[in-house]
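Subject: Structure handover

Hello,

Here is the structure you asked for, with the sequence. My notes on it follow below.

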Amino acid sequence: MRMRKKKNCDERLEKSGQLWIRTPEDIKGAWSEEFGSSNPIHVEIGCGKGKFICEMAQKYPDINFVAIEVVKDVMVLAMEKAQPLELANLRFIIADAAKLGDYFEKGEISRIYLNFSDPWKKNKQAKRRLTHKNFLDVYKSVLNEGDFICFKTDNQKLFEFSLNSFAQEGFKMSDITFDLHNSGFADNVMTEYETRFSEQGMPIYRVCAEYK
Ligand code: SAM
């Protein structure tokens, strides 16, 4: 996401940073203590401005949510959105998803959400796609077999790439749709990008990939 540098970003992060985990490597293996509950942990990677994760945390109080975003000028908006909601089951990490294995033990996460990940259109950029084999290997290091990665996008080429990547890495795919909003799936929580693209009449693609 291109984002103009926010004025006073560091100050604003500090101000709304009660839910910000500054050194997540210190919590590896101890997230239940951080949340004060052993409820399952679901992670959104690339949370952007935070609409999805805030609504999910409100809708599912018995799930603990962690949002990861690499751009702090975007994350500040997500944290400012979350702050007044006073959610006990939500935390934020400003970091690259490639580092997930430094922050969580194997099996500490039970679901990963990838929503409207950057497509990185050029072939030479494929390794940056969040469904590239290298990222799937990282996700496997923090999930248990039987856990899911839920992926949504507006980008047909990224969707095709991701279906192949999941298949090659042995994930079992289900609930594949090429038009989520007309698929009868009732439980959808929209992201900022999803709202924008669906208002433009674009179809939304979705797949659930089970780690086998
Ligand atoms: N999920 C949001 C939505 O649907 O509205 C934002 C989508 S935006 C296109 C993709 C987001 O993923 C950007 O905010 C970007 O900074 C973040 N991102 C990209 N690569 C990342 C990585 N390796 N680790 C963490 N976040 C990443």
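A salt bridge here is a side-chain nitrogen of Lys or Arg within 4 Å of a carboxyl oxygen of Asp or Glu. By that rule the structure holds 11 salt bridges.

Before the details, two remarks on the source. This is a predicted model, in which local features need pLDDT of at least 70 and side-chain atom pairs count only at pLDDT 80 or more, while totals for chains, interfaces and linings use all residues. Residues are numbered from 1 along each chain as its sequence is written, and side-chain values use heavy atoms, with hydrogens and water left out.

Salt bridges

One of the salt bridges joins K59 and D187, with 2.9 Å between the closest N and O atoms. K59 lies in helix 3 (residues 51-59) and D187 in the loop between strand 6 (172-177) and helix 8 (192-199), so the bridge ties together parts that are 128 residues apart in sequence. Helices (H or I, at least four residues) and strands (E, at least two) are DSSP runs, numbered from the N terminus. K59 is partly exposed at 40% relative accessible area, and D187 is partly exposed at 37%. For these labels, buried means under 20% relative accessible area, exposed over 50%, and partly exposed in between (1.4 Å probe, protein chains only).

E192 pairs with K81, the closest N and O atoms being 2.6 Å apart. This pair links distant parts of the chain, E192 in helix 8 and K81 in helix 4 (residues 72-82), 111 residues apart. Both are partly exposed: E192 has a relative accessible area of 22% and K81 one of 33%.

K140 and E169 form another salt bridge, with the closest N and O atoms 3.5 Å apart. K140 is in helix 6 (residues 133-140) and E169 in the loop between helix 7 (156-168) and strand 6, 29 residues apart. K140 counts as buried at 16% relative accessibility, as does E169 at 15%.

Ligand

The ligand is surrounded by 18 residues, each having a heavy atom within 4 Å of it. The closest are G46, E69, A97, N115 and T191. This shell divides into nine nonpolar, four polar and five charged residues. In that count Ala, Val, Leu, Ile, Met, Phe, Trp, Tyr, Cys and Pro are nonpolar, Asp, Glu, Lys and Arg are charged, and the others, Gly among them, are polar.

Which N or O atoms of the protein lie 3.0 Å, 3.4 Å and 2.9 Å from ligand atoms? An N or O atom in the side chain of D96 is 3.0 Å from a nitrogen atom of the ligand. A polar backbone atom of E192 is 3.4 Å from a ligand oxygen, and a backbone N or O atom of Y193 is 2.9 Å from a ligand oxygen. On its own the ligand has 600 Å² of accessible area, of which the protein covers 95% (Shrake-Rupley method, 1.4 Å probe).

Cysteines

How many disulfides does a search of the whole structure find? The search finds zero, a disulfide being a pair of cysteine sulfur atoms within 2.5 Å. The sulfur of C54 is 8.3 Å from the closest cysteine sulfur, in C47, which is too far for a bond. C54 counts as buried, at 3% relative accessibility. C208 is in no disulfide either, and the nearest cysteine sulfur, that of C150, is 3.7 Å away. At 7% relative accessibility, C208 also counts as buried.

Regards

Terms used
A polar contact is a pair of N or O atoms within 3.5 Å; within protein, one must be able to donate a hydrogen and the other to accept it, and residues adjacent in sequence count only if both atoms are side-chain atoms.
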